[in-house]
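Me: I have a structure to go through before I set anything up. Can you take me through it a piece at a time?

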Amino acid sequence: VHPWRNEDHYLLKIVSRIFEVAFEQIHMVAALKKSEATKQAILNSMPDLIFVINREGSIISHHSHSETELIMDESEIDGSTVWETLSPTMHDPLRKAIEQAFHLGTAKPFEYSLEFSGGRIAYYEGRLAKVDEEYVLALVRNITENKRSEEALKWFSSQLSVVEEQQRRDLASQLHDGVSQELAAASIKLQ
């Protein structure tokens with residue numbers, strides 16, 4: 001049995017520290033992978049389109065569940081600008097929303113529509129949040145079904161108003177005719 005020398009203790013401490021750092025890195029990598037998987041699961045569960053946009057309106061990256069929600073080919077989106085994808089009528093409101101997000105951290109939600117090839121029109125709600133001094137995050141939700149439901153509700157409401165008005169007129173006419181007949185009958189009896 002050889003006694004431990006000071007150099008052996010020193011070497012043992014160095015090797016021990018190397019293993020400690022290696023195990024810490026393994027745990028950090030595992031935690032990072034778990035965190036990344038959690039974030040990816042959250043992204044995958046969201047029906048929204050997600051875009052990272054810089055101050056100039058360039059789309060840095062995006063996430064979507066379906067290419068049918070995209071106005072252009074998915075491979076062309078990153079690197080394009082929002083000005084290329086949205087109608088000119090949306091440029092000024094979007095520019096203001098981007099500025100507001102950078103200034104306040106978030107912007108008021110805004111709605112817009114897109115016409116796809118084949119004439120299909122879809123309605124969207126956009127929300128912007130500041131990521132850092134260079135980028136904003138745009139969450140875009142398809143609200144087409146909500147818009148169609150609102151339009152159907154307005155139509156049914158207007159139809160209900162027409163029917164109610166017609167029923168009021170019919171009832172008033174019936175009451176008028178009934179009262180007139182009763183008055184006429186009472187007048188005959190009095191004579």
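Reply: A definition to start with: a residue counts as buried under 20% relative accessible area, as exposed over 50%, and as partly exposed in between. Please keep in mind that the model is predicted.

Me: What does the side chain of Glu20 meet in a salt bridge?

Reply: The side chain of Glu20 meets that of Arg17, with a distance of 3.2 Å from N to O. Both residues belong to helix H1, where they sit 3 residues apart, about one turn of the helix, and Arg17 is itself partly exposed at 43% relative accessibility.

Me: How many salt bridges are found in the whole structure?

Reply: The search gives 13. One of them joins Glu125 and Arg127, again at 3.2 Å from N to O, and another joins Arg168 to Glu164, whose closest N and O atoms are 4.0 Å apart. Arg168 and Glu164 lie 4 residues apart in helix H5, which covers residues 144-190, and they are part of a network of salt bridges that also takes in Glu165 and Arg169.

Me: Changing topic, is strand S1 mostly covered or uncovered?

Reply: Strand S1, residues 49-54, is mostly covered, with 6 of its 6 residues buried. Leu49, Phe51 and Ile53 point one way, whereas Ile50, Val52 and Asn54 point the other way. In a regular strand, side chains alternate between the two faces of the sheet.

Me: Which strands does S1 pair with?

Reply: S1 pairs in the antiparallel sense with S5 over 6 bridges, and it also runs antiparallel to S2, to which 4 bridges join it. Phe51 has Ala138 of S5 as its bridge partner, while Ile50 stands opposite His63 in S2. The hairpin of S1 and S2 has 4 residues between the strands, and Gly57 takes a positive phi near 95 degrees there.

Me: And how much space lies in the largest cavity?

Reply: About 260 Å³. It is lined by 21 residues, and those nearest its centre are Phe51, Thr85, Leu86, Tyr112 and Val140. Two or more lining residues come from each of S1, H3, S3, S4 and S5.

Conventions
Residues are numbered from 1 along each chain as its sequence is written. This is a predicted model: local features need pLDDT of at least 70, side-chain atom pairs count only at pLDDT 80 or more; totals for chains, interfaces and linings use all residues. Side-chain values use heavy atoms; hydrogens and water are left out. Buried means under 20% relative accessible area, exposed over 50%, partly exposed in between (1.4 Å probe, protein chains only). Two strands pair if DSSP finds at least two bridges between them. On a 1 Å grid over the protein atoms alone, a cavity is a set of points where a 1.4 Å probe fits but cannot get out, and a pocket is an open set with protein on both sides within 12 Å along at least five of seven lines; lining residues have an atom within 4 Å of a point. Grid points are joined across faces, edges and corners, and a volume is the space filled by probe spheres set on the points.
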